[in-house]
Amino acid sequence: MARDRREGLEIKVMNPPTNNATAQTSPTNLRRRERTSFEEFRPFKLWFPWLVPAIVVANIVLFAISMFINNCPKNSAKCSARFLGRFAFQPMKENPLLGPSSSTLEKMGALDVSRVVHKHQVWRLFTCIWLHAGVFHVLANMLSLIFIGIRLEQEFGFVRIGLLYMISGFGGSLLSSLFNRAGISVGASGALFGLLGAMLSELLTNWTIYANKFAALLTLIFIIAINLAVGILPHVDNFAHLGGFASGFLLGFVFLIRPQYGYFNQRNNPRGYAAPSAKSKHKPYQYVLWITSLVFLIAGYTVGLVVLLRGTDLNKHCSWCHYLSCIPTSLWSCKSQNVYCESSQIGQQMNLTCMANGRTEMYKLSGDNPSQIQQLCSQLCS
């Protein structure tokens, strides 16, 4: 800027316009600025996921401990992968999942309904979700847990996801105890299905904040349907899946509720700014779902425990419920056969005969061990 004192006039010298203003208003730069402002405004905190990896490690360690306690070469005449020493697996005919015997799992806390009912060992409803029947079983469940659980823990934190995991696992064990009284049950499948159910309820209760709502909903329903369909196969405890899924679905309305965006916007308004209308933290339907789900959870768990401890077998009162667990086809049968053997012992030699198939075999015993005899009988009749 220069001044001409002779005329008493002020002359302003302006630089010619550049392309900066045009560049700033270009569509590309506008999108970049919108992206930057969105990244600076993060209403939902991202958590560092450590609980889900810790659960994975704990499950693998407990499986290794169960194999150490099982000690197949000492308790069984035949073992798979005997070169692993006491970590060798039970014979494939006895346990095709490459794992320990049922007696070892029962000793470590597997779900045995008779012990829960008659000896009041309710703690087995929790301990069974930390045990697995074999290598294939633990790998499948842990890979699923990593895929599902880490994202949920990042978004909602370890406290809510940890409670959801444990309570859903308990719900799966509870429903399994009410309908599946044959044999023992182990695995984290109920807790995993609880996470899937929670993802579905989280999508529904936070419906307004999702962009591709119906695409996300259809994808999640497809994944859930495929996993539930696997439960109709024999030797899969689908009641644990259903119980875990129902528990997780209700818990999602309790633990995974998000505040609406308008609530965060009004909190970030400058001082003195008068908002046209104050936004509540949650929408009315979110409060209704929260209260309803909590009531259903408390009532369902209370009634289920009372029925279980009274020893009531719900299968006798539900003629079609067994189809939820297994659907018979020409390829497999859903009937579980009881294993019985006749035995005669001379010194350390025992002759076992399976009553189901008539097979007979001589075994050398290391001592008077009823669980070892039962394992040999199961192997002979398989």
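1. Asp 112 and Arg 115 form a salt bridge, with their closest N and O atoms 3.6 Å apart. The term means a side-chain nitrogen of Lys or Arg within 4 Å of a carboxyl oxygen of Asp or Glu. Asp 112 is buried at 12% relative accessibility. Arg 115 is partly exposed at 25%. Buried means under 20% relative accessible area, exposed over 50%, and partly exposed in between (1.4 Å probe, protein chains only).

2. A note on the basis. This is a predicted model: local features need pLDDT of at least 70, side-chain atom pairs count only at pLDDT 80 or more, and totals for chains, interfaces and linings use all residues. Residues are numbered from 1 along each chain as its sequence is written, and side-chain values use heavy atoms, leaving out hydrogens and water.

3. How many salt bridges are there by this rule? The count is three. One of them links Glu 155 and Arg 151, at 2.8 Å between the closest N and O atoms. These two sit four residues apart in helix H8, so about one helical turn separates them. Helices are DSSP runs (H or I, at least four residues), numbered from the N terminus. Glu 155 is partly exposed, at 22% relative accessible area. Arg 151 is also partly exposed, at 29%. Elsewhere, salt bridges with shared partners join Glu 106, Asp 112 and Arg 115 into one network.

4. Asn 141 also lies in helix H8, which covers residues 135-156. Is Asn 141 buried or exposed? Asn 141 is buried, with a relative accessible area of 7%.
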